[in-house]
Amino acid sequence: MDKNTIKSTINELLKAIDEQTFSKLINVIDLDKYVKKLTAYKFLQLLITAQLNETKSLTRLSKKLKDEEEFQTHLSFDAISTSQLSRKLGSLSPKIYEKIFHHLVLKIQAKMKNTPIVRDIGRLHVIDSTTMSMSLSQYPWATFRKTKAGVRLHLRVVVTKDVTAPDKAILLPATHADRTQMNELIDIDPNALYLFDRGYVDYKQFDQLCHENVRFITRLKKNAEIEVLSEQMPDQENLIFKDQEVFLGNVQTGTKMTHSIRLIETLDGEGNLVKIVTSCFDLSAKEIGDLYRYRWKIETFFKWMKQHLKIKSFYGQSSNAVYNQIWIVSYSKMARYIKNEHNSCYRIAPFSGITCLGGAFSYIRAT
């Protein structure tokens, strides 16, 4: 990316949220008390610039500011030391930049048209996660295996026939299993339907969701214990090989569900036989199979996010430093998503899975 492109892109990003809006959103009293130069907003500007320039360290960022007069003019100060940058990155609460990310999510959703995939199912939410690996020796607080460290972004996206966009995100050490975040990512909403994969299988959670009339669709693990209550005729023409009402779990192990659930055996998008369970008895088996196969769009979305949220080097080793950098990188991608508000056009690029807003670089995703 050349200098002019970087400059125009930075301006676009900062138009999405100016300093006044930033201050109202974070609503932290005395956040920048006694701070003369490096406010939380100026720091956001600096890290956006570092992200776009692929700056590898805070030392290089400090040098860039010292050497480039235009950069100094833009930020209204001429120098900042590496140690000051490091202290700022580690001292600011990640909740600040997380709020900015979610503010932009709301701006995106305000533009979306809710065109359902199959009849009027309400909002379709897909839940998944992506893990960013790190060095165990440098980030021991993020240990999740004997030889690995990492953080995991748990993401909920909203999906319509035309658009896929982020809805809610949670950033935690990778040791937190997917199913532990279900309460945070699933709302009690009769107008929503949740689609998630096997990492979120938890029979107690399923019982609770059924009790609260939350609609969901997920893939069942191969070793699941199943008690069949009733069965409908297969519809092989529409790739439905089983349509049953079942109980899941085992009484002896204390895992047996108290609510019955629907089991459908069909093919996934790659032609593999899969067992899907759902709390939806009002949809046809074909509609449920079609919704599950719609995951191909979501998987493309998450691959995109994994590629574009790659961080070649973290600027600090503390959890605050890592989380702040990830939220700011995410903000940079999201802000470009809402570029050119007046000429916006949502579409899915054929076979690419890339959503476009006004021709702008678009979206986010996880796996």
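Which residues in H4 meet which residues in H6?

Modeller: Quick caveat first: this is a predicted model, so local features need pLDDT of at least 70 and side-chain atom pairs count only at pLDDT 80 or more, while totals for chains, interfaces and linings use all residues. Residues are numbered from 1 along each chain as its sequence is written, and side-chain values use heavy atoms, with hydrogens and water left out.

On to your spot. From H4 come Leu58, Thr59, Leu61 and Ser62, and they meet Thr82, Leu85, Ser86 and Leu89 in H6 (contact means heavy atoms within 4.5 Å). By class, that contact splits into four nonpolar residues, four polar and no charged (nonpolar is Ala, Val, Leu, Ile, Met, Phe, Trp, Tyr, Cys and Pro; charged is Asp, Glu, Lys and Arg; the others, Gly among them, are polar).

As for the geometry, H4 covers residues 58-67 and H6 residues 82-91 (helices are DSSP runs of H or I with at least four residues, strands are runs of E with at least two, both numbered from the N terminus). Their axes come within 8 Å and cross at roughly 125° (axes are lines fitted to C-alpha atoms, for helices over the stretch in contact, with angles from 0 to 180 degrees between N-to-C directions). H4 and H6 are therefore oblique to each other (under 35 degrees is roughly parallel, over 145 roughly antiparallel, 65 to 115 roughly perpendicular, and the rest oblique). H4 passes H6 in a right-handed crossing (right-handed if the near helix is turned clockwise from the far one by less than a right angle, left-handed if anticlockwise).

H6 has another partner in H3 (residues 40-52), with axes that come within 11 Å and cross at roughly 110°. That makes H3 roughly perpendicular to H6. Here Ala40, Phe43, Leu46 and Leu47 of H3 touch Leu85, Lys88 and Leu89 of H6. This contact of H3 with H6 has six nonpolar residues, no polar and one charged. Note that Leu85 and Leu89 turn up in the contact with H4 and in the one with H3.

Zooming out, the protein has 12 helices and 11 strands. There's an open sheet of nine strands with mixed pairing, in the order E3-E2-E1-E4-E5-E9-E8-E7-E6 (two strands pair if DSSP finds at least two bridges between them). At its edges sit E3 (164-173) and E6 (226-231), each pairing on one side only. Overall, 51% of the 367 residues count as buried (under 20% relative accessible area, with a 1.4 Å probe and protein chains only).

Notes
Buried means under 20% relative accessible area, exposed over 50%, partly exposed in between (1.4 Å probe, protein chains only).
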